[in-house]
Amino acid sequence: MVSVYQLAMGKDFALLQPELQEYFSLAAGSGPAAAGGPAVGLGTGIFDVAGCPRPVLRPLLRLAGRDHALFPEYQRDVPFSIENRAHLDASGWPALTAVRTIDFDGGTRTMQDTTVWEDAAGLTDVLGRSGTVRTDLACSVGADGRMRLVSRRTSFGAGRIRLGLPRLLEAAAFTEQWWDRSEDCFRIRTKVLQRQMGTVLEYQGSFSYRMVPSQG
């Protein structure tokens, strides 16, 4: 079985940096040989900056934080960890769930999302535990073999009942991840931009990462 990113990118997946290919190759029931079979990906690092730079939006993001979807804090030099697990979703489609634990001075936040591949719909990113917020997701190869992830359309609801945001309220999320050979670590940069307000959420930093055998 191959990963959701391999399914989405096809032959372009091989153009990513080798370290990124390993990172994004985690699939249900399989893992890199070094992990000895089924694997989970574990990472730890520091966000140079993380959170919402717009104070007026923080009460709304605090509500989203209860669902482990987003977070309202804004801080520099924030320790974090990430756990990636590949699986099949309830409909049997390949999926990857990422759980990030972010240690702000005022307390720990959890942010999780599940990226799902469906043959007809492509990649969809499901935010939080409830699954009420979904965004489309496009991935491509950037400069020097970096991974670029872009999300532009968001919908809310449950099951087959989905409502899209009005165009004026839509936000777009842009992520770039790459392997920094000079520092021997992964780097990530994410920004969520809204048409009227500019940057409404951001995080960027560096982290180490390894595959280990899954314990179930």
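**View 1. Leu149 is buried, with a relative accessible area of 13%.** Buried means under 20% relative accessible area, with a 1.4 Å probe and protein chains only. The model is predicted, so local features need pLDDT of at least 70 and side-chain atom pairs count only at pLDDT 80 or more, while totals for chains, interfaces and linings use all residues. Residues are numbered from 1 along each chain as its sequence is written, and side-chain values use heavy atoms, without hydrogens and water. Leu149 sits in strand β7 (residues 147-151); strands are DSSP runs of E, at least two residues, numbered from the N terminus. Leaving aside residues up to four places away in sequence, Leu149 touches Tyr5, Leu137, Ala138, Cys139, Ala173, Phe174 and Thr175 (contact: heavy atoms within 4.5 Å). Between the C-alpha atoms of Leu149 and Gln177, 28 residues apart along the chain, the separation is 8.5 Å.

**View 2. Strand β1 (residues 39-51) pairs with strand β12 (residues 198-213) in the antiparallel sense over 12 bridges.** Pairing requires at least two DSSP bridges between two strands. Gly41 has Met211 of β12 as its bridge partner.

**View 3. Strand β2 (residues 74-88) is joined to β1 by 10 bridges, and the two run antiparallel.** Here Gly51 has Tyr74 of β2 as its bridge partner.

**View 4. The lining of the largest pocket comprises 34 nonpolar, 11 polar and 4 charged residues.** Ala, Val, Leu, Ile, Met, Phe, Trp, Tyr, Cys and Pro count as nonpolar, Asp, Glu, Lys and Arg as charged, and the others, Gly among them, as polar. Strand β10 (residues 171-180) supplies the largest share of this lining, 5 residues.

Note on methods:
Helices (H or I, at least four residues) and strands (E, at least two) are DSSP runs, numbered from the N terminus. Buried means under 20% relative accessible area, exposed over 50%, partly exposed in between (1.4 Å probe, protein chains only).
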